[in-house]
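Morning, everyone. Let me put the model on the screen, and then we'll walk through a few spots.

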Amino acid sequence: MTSPTETFLADYQVPAYLVDSVDLRFELAAADTRVVSRLQMRRNPAGTGGDLVLDGEYLELVSIKLNGQVLAGNEYQRSDSALLITHIPAQFELEIETRIQPDKNTALEGLYHSGSLLCTQCEAQGFRRITYYPDRPDVMAVFTVTLQADKSLFPVLLANGNLVETGDEENGQHWAKWHDPHPKPSYLFALVAGDLHCKQDGFTTQSGREVALAIYVDHENKHKCDHALRSLKQAMTWDEQTYGREYDLDVFMIVAVNDFNMGAMENKGLNIFNSSCVLASPDTATDDDYYTIQSIVGHEYFHNWSGNRVTCRDWFQLSLKEGFTVLRDQQFSADMNSEVVQRIADVNQLRIMQFAEDAGPMAHPVRPASFIEISNFYTVTIYEKGAEVVGMLKTLVGAAGFRKGTDLYFDRHDGQAVTTDDFVAAIEAANEVDLTQFKRWYSQAGTPVITVKGGYDAASASYTLTLSQACPATPGQAEKAPFHIPITVGLLDKAGQVMPLQLVGELADRASASRTLELRESIEKFTFINVLSEPEPSLLQGFSAPVTLATQRDNATLAFLMAHDSDSFNRWDAGQALLINILLGLVEDYQQQRELVLAEDLLTQLKAVLALAESEPALVAKMLTLPSENYLAAQQTIADVDAIHAARNFMRQTIATIFKADFTSLYQILNINKTYDFNADDMARRSLKNVCLGYLMATDDPVQTQRCLQQMKQTNNMTDRMAGLKLIADQAGPERDIALHSFYEQWQHDRQVVDKWLTVQAQSSLPDTLIRIKGLLKHPAVSITNPNNVRSLLGQFCRNNPINFHAKEGLAYAFLAEQICQLDDINPQVAARQLGALSAWRQYDVSRQELMKQALQTIADKKGLSRDVYEIVTKYLADK
């Protein structure tokens with residue numbers, strides 16, 4: 001295919017024309033919707049003027065009126081993606097009528113049909129599928145929207161803002177008029193029409209305003225709204241207390257939609273959610289579901305200020321709203337639950353997914369320099385690494401200074417579309433600091449590598465840390481300038497006690513238990529004084545920067561830190577590093593056909609960890625969880641999936657056998673039949689209980705299989721039921737098929753639970769999994785047009801089942817290529833997302849590389865390839 005056009009940040013120009021207000025009228029129907037837009041527009045005094053160019057795709061143009069006059073065909077030009085109008089006055093009214101077909105819109109962008117609903121998804125460039133418009137985030141306008149539809153089919157009519165009036169027509173139609181007083185870009189436009197149950201509540205803001213809250217769901221899901229509603233009220237309270245941000249409309253609405261490309265969307269006043277991210281009840285949702293829902297509800301609500309009231313100037317600035325808002329939802333989740341569990345989860349995701357992205361052919365800065373398809377840049381780099389960058393700003397200026405900076409940011413830019421530079425400038429101005437070098441985090445891709453060397457001088461009672469930084473080359477960036485990196489450290493004496501830190505030149509009263517060092521140069525030395533004995537450094541406490549440590553620490557040192565580090569995150573991290581060291585050693589032993597033996601120092605530390613189960617169950621559950629096979633593969637120059645799988649299974653089975661009595665006793669203590677409640681303590685105990693059950697199942701003792709089946713049968717919550725099913729699905733034998741069949745028969749009516757059923761089968765390490773996946777694609781509960789089905793089945797198999805996806809015959813690679821080609825004709829966004837499973841194809845042995853390359857070439861050779869898939873597959877194939 002012809003190479004699609006690439007868009008560059010350096011080419012940004014302000015819009016030639018601005019829109020002051022938009023009046024939209026929809027005559028809604030699934031097969032044929034009529035849209036009339038009336039735009040009040042004017043020439044941008046900062047722009048270049050000239051012809052008016054509006055974005056538009058998949059539209060049937062009915063008519064155009066300029067200041068009330070119908071334009072003839074020779075007064076405008078159309079292409080597949082734009083409408084051009086010449087001879088434009090300085091100020092004018094433009095009325096455009098279009099027709100669209102929502103039920104044929106399988107891409108799920110713009111207005112589309114989902115079940116009995118009509119709904120929208122406009123971020124990033126979906127509004128152009130509804131009407132012709134300057135569809136860019138720096139054009140902000142006040143929207144008034146009138147929806148008309150058949151009342152029997154669509155009794156609920158929702159749009160952004162406040163409801164102004166409603167009415168009924170004699171022909172069975174009815175209408176509703178909505179007005180949003182806050183200027184917004186087109187990507188925040190939303191509407192929903194359908195037959196929905198409404199769960200209502202209210203919230204009183206800190207200034208005394210009453211806000212109506214409403215969650216709209218399918219009628220059969222009306223019992224699943226309480227947790228999302230409670231999470232919303234928690235988020236509203238938290239944002240007032242933590243950031244001083246109060247909600248600004250009369251109503252806040254959430255709608256659950258079954259067919260949705262993303263997790264949720266922050267449309268002003270009318271958030272549209274993937275059903276999986278909002279619906280929960282104890283018998284259908286796990287602890288992870290509850291946790292995720294709370295986080296995502298918070299995330300989308302927090303966007304009301306960090307994304308809506310202040311939005312991004314262009315899509316290169318996407319992390320302005322997403323990175324900041326992810327940090328906010330991470331803080332919220334930590335405050336609502338467990339700070340250390342949240343930090344471990346955040347860092348795990350960053351290391352497994354974002355570090356891999358930084359090391360691959362799609363590596364890009366937090367603020368990309370170019371893109372072909374913006375949908376491909378809704379990535380872990382933009383979101384999670386973006387959050388780490390904002391978190392580093394908070395670390396550098398302190399919590400109080402960060403609050404001052406964000407207050408100034410919101411005050412300066414309310415109602416504006418701005419850049420990451422504007423955000424950093426507000427932090428600088430509020431704290432009187434220079435963050436010029438720090439902004440390299442936004443423009444340079446890659447994961448910096450920090451090398452640490454320590455030296456103790458007994459004569460002067462001083463300890464010197466020498467820190468050096470380097471960042472590997474990434475596509476388009478061979479050389480990197482030094483970053484400004486906050487590295488939080490502590491020192492421990494030989495008994496594991498914290499030593500006070502005093503840098504040379506400081507007064508003794510500044511001594512503290514930890515210190516954030518600011519590394520700015522390629523190499524720097526930091527000397528601590530009054531260090532009375534040789535210390536052991538605790539490095540990168542709380543994971544203070546998204547970097548990797550190249551420091552070599554032997555197993556004895558890691559075991560010491562695992563037992564004594566004053567920072568809970570670092571205790572977990574030291575344990576993971578110890579596990580990785582030992583696992584990689586076992587991998588080498590397996591490759592060399594040597595006997596596999598588990599190191600005694602690990603067993604000693606695990607015994608100590610188990611002793612903390614009663615006092616720290618959440619942390620213990622995390623410390624007992626082995627590093628994933630994907631993460632272990634990323635630690636190897638050439639990943640050996642078979643050796644990794646064998647080594648990890650050996651470690652798991654050995655630990656299970658040695659500590660079987662401990663796991664049994666702990667399981668029995670924690671296996672209490674009580675009413676389900678979502679809270680940090682109960683979650684921690686359920687998590688640890690199911691970790692114990694996992695180890696007991698690894699002993700291959702038939703008694704444990706019966707224990708697992710009994711838990712599934714007797715539990716009153718989906719957390720324990722799914723934990724059991726996942727373990728059973730990984731065991732060969734009749735119990736597996738019986739359990740899977742029984743589970744489906746019980747829950748086939750619930751779409752979210754069926755997706756869980758698909759996931760446990762997709763993740764099974766048994767060798768028949770690919771055959772099962774192919775069979776499940778034909779199952780009546782599965783539709784390739786539904787993104788959740790695709791993610792649960794295809795996505796989980798290809799991304800989270802390395803032993804089967806990377807089977808040496810390469811059948812799974814060819815299968816994925818076939819599915820992506822099919823998906824690309826249906827939903828290019830979802831198709832492009834599945835390509836991530838092949839991103840690290842250069843990391844495997846020559847035989848697997850060739851097979852993966854063939855799969856990529858099959859995709860690249862497809863006729864009519866979408867921009868979404870084209871951009872990724874060509875970059876993968878160009879990877880050297």
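Where does Ser338 lie? Ser338 sits in the loop between helix H3 (318-336) and helix H4 (339-358). Helices here are DSSP runs of H or I with at least four residues, strands are E runs of at least two, and both are numbered from the N terminus.

Two notes on the source. This is a predicted model, where local features need pLDDT of at least 70, side-chain atom pairs count only at pLDDT 80 or more, and totals for chains, interfaces and linings use all residues. Residues are numbered from 1 along each chain as its sequence is written, and side-chain values use heavy atoms, with hydrogens and water left out.

Back to Ser338. Ser338 is buried, at a relative accessible area of 18%. Buried means under 20%, exposed means over 50%, and partly exposed is in between, with a 1.4 Å probe and protein chains only. Setting aside neighbours within four places in sequence, Ser338 contacts Tyr291 and Ser333. A contact is heavy atoms within 4.5 Å. Ser338 and Ala684 are 346 residues apart along the chain, yet their C-alpha atoms are separated by 9.3 Å.

Next, the sheet. Five strands make an open sheet, ordered S17-S18-S19-S21-S20, with mixed pairing. Two strands pair if DSSP finds at least two bridges between them. At the edges are strand S17 (197-204) and strand S20 (264-265), each pairing on one side only. Helix H1 (residues 226-243) packs on the sheet and touches S17, S18 and S19. The direction of H1 makes about 25° with that of S17. Axes are lines fitted to C-alpha atoms, for helices over the stretch in contact, and angles run from 0 to 180 degrees between N-to-C directions. Helix H2 (residues 287-302) also packs on the sheet, touching S19, S20 and strand S21 (270-274). The direction of H2 makes about 150° with that of S21.

Now the strand pairs. S17 and S18 are antiparallel, over eight bridges. Thr204 has Glu210 in S18 as its bridge partner. The two strands form a hairpin with five residues between them. Gly208, in the turn, has a positive phi of about 95°. Strand S18 (residues 210-217) and strand S19 (residues 251-257) run parallel, joined by five bridges. There, Leu213 has Phe252 in S19 as its bridge partner.

On to a helix pair. The axes of helix H8 (residues 555-564) and helix H10 (residues 600-610) come within 10 Å and cross at roughly 5°. H8 and H10 are therefore roughly parallel. The cut-offs: under 35 degrees is roughly parallel, over 145 roughly antiparallel, 65 to 115 roughly perpendicular, and the rest oblique. On the H8 side, the contact includes Ala559 and Met562; on the H10 side, it includes Gln605 and Val609.

Last, the aromatics. How many aromatic pairs does a search of the whole structure find? The search gives 38. Rings of Phe, Tyr and Trp (its six-membered ring) pair if their centres lie within 6.5 Å; planes under 30 degrees apart are stacked, over 60 edge-to-face, and the rest tilted. Phe569 and Trp572 have ring centres 5.5 Å apart and planes at 50°, so that pair is tilted. They are three residues apart in helix H9 (residues 568-591), about one helical turn. Phe569 and Trp572 are both buried. Phe805 and Tyr813 have centres 5.2 Å apart and planes at 75°, so that pair is edge-to-face. Phe805 and Tyr813 are buried too.
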